[in-house]
Amino acid sequence: MRISEIKDEINKLTLEDKLSLIEDVWDSIARNNSELPMHEWQKKELDQRYSDYKAGKQKLYDWDSVHDELRNTYK
């Protein structure tokens with residue numbers, strides 16, 4: 001089946017079925033996440049950030065604070 005045919009079929013689904021399908025697609029991606037392509041610079045950046053985190057060099061923010069700041073900034 002071609003992508004255009006799949007899209008046509010998706011458009012026929014109910015919202016509930018579309019959301020269920022999205023969940024299944026994300027689960028499928030998560031199961032195969034080791035296959036996701038990543039550039040070497042991205043790997044190095046993630047490694048550096050993780051090292052900084054473990055060494056206590058990262059300033060961490062809880063979600064509520066971030067959410068509040070975003071809401072106040074983009075009212």
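**View 1. Glu40 has its place in helix H3.** Helices (H or I, at least four residues) and strands (E, at least two) are DSSP runs, numbered from the N terminus. The model is predicted: local features need pLDDT of at least 70, side-chain atom pairs count only at pLDDT 80 or more, and totals for chains, interfaces and linings use all residues. Residues are numbered from 1 along each chain as its sequence is written, and side-chain values use heavy atoms, with hydrogens and water left out. Glu40 is partly exposed, with a relative accessible area of 48% (buried means under 20%, exposed over 50%, partly exposed in between, with a 1.4 Å probe and protein chains only). From the C-alpha atom of Glu40 to that of Tyr61 the separation is 27 Å, and the two residues are 21 apart along the chain.

**View 2. Helix H3 spans 21 Å from its first C-alpha to its last.** The helix covers residues 40–54 and has 15 residues. Its reach is close to the expected 21 Å at 1.5 Å a residue, where the expected span is 1.5 Å times one less than the number of residues. Just after H3 comes Gly56, which takes a positive phi of about 75 degrees.

**View 3. Tyr50 and Tyr53 form a stacked aromatic pair.** A search of the whole structure finds one aromatic pair. In this pair, Tyr50 and Tyr53 stand 6.3 Å centre to centre, with 25 degrees between the planes. Rings of Phe, Tyr and Trp (its six-membered ring) pair if their centres lie within 6.5 Å; planes under 30 degrees apart count as stacked, over 60 as edge-to-face and the rest as tilted. Both tyrosines lie in H3, three residues apart, about one turn of the helix. An α-helix has 3.6 residues a turn, so residues three or four places apart point the same way. Tyr50 is partly exposed at a relative accessible area of 48%, and Tyr53 is also partly exposed, at 46%.

View 4. The structure holds two salt bridges, a salt bridge being a side-chain nitrogen of Lys or Arg within 4 Å of a carboxyl oxygen of Asp or Glu. Glu45 is partly exposed, with a relative accessible area of 36%.

**View 5. Glu9 and Lys12 are also joined by a salt bridge.** Their side chains meet at 3.1 Å, N to O. Glu9 is partly exposed, its relative accessible area being 40%, whereas Lys12 is exposed at 63%.

**View 6. Nine nonpolar residues make a surface patch of about 840 Å².** The patch consists of Leu13, Leu15, Leu19, Leu21, Ile22, Val25, Trp26, Ile29 and Leu36. Patches are made of residues with over 30% relative accessible area and no salt bridge; like charges are joined within 9 Å, nonpolar side chains (Val, Leu, Ile, Met, Phe, Trp, Tyr) within 5 Å. Among the patch members, Leu15 is found in helix H2, residues 15–31. Leu15 is exposed, with a relative accessible area of 64%.

**View 7. Met38 lies in the loop between H2 and H3.** Met38 is partly exposed, at a relative accessible area of 39%. Glu16 stands 22 residues from Met38 in sequence, and the two are 33 Å apart in space, C-alpha to C-alpha.

**View 8. The protein chain as a whole has four helices and zero strands.** Along the sequence, the chain follows the pattern α-α-α-α. Its radius of gyration is 19 Å, well over the 11 Å that the globule rule gives for 75 residues, so the chain is more spread out than a compact globule. That radius is taken over C-alpha atoms, and the rule is 2.2 Å times the number of residues to the power 0.38. Along the principal axes, the C-alpha atoms fill a box of roughly 50 × 40 × 20 Å. Buried residues make up 1% of the 75 residues. The chain exposes about 7600 Å², of which carbon and sulfur atoms supply 52%. Accessible areas come from the Shrake-Rupley method with a 1.4 Å probe; for residues, only the protein chains shown count as cover.
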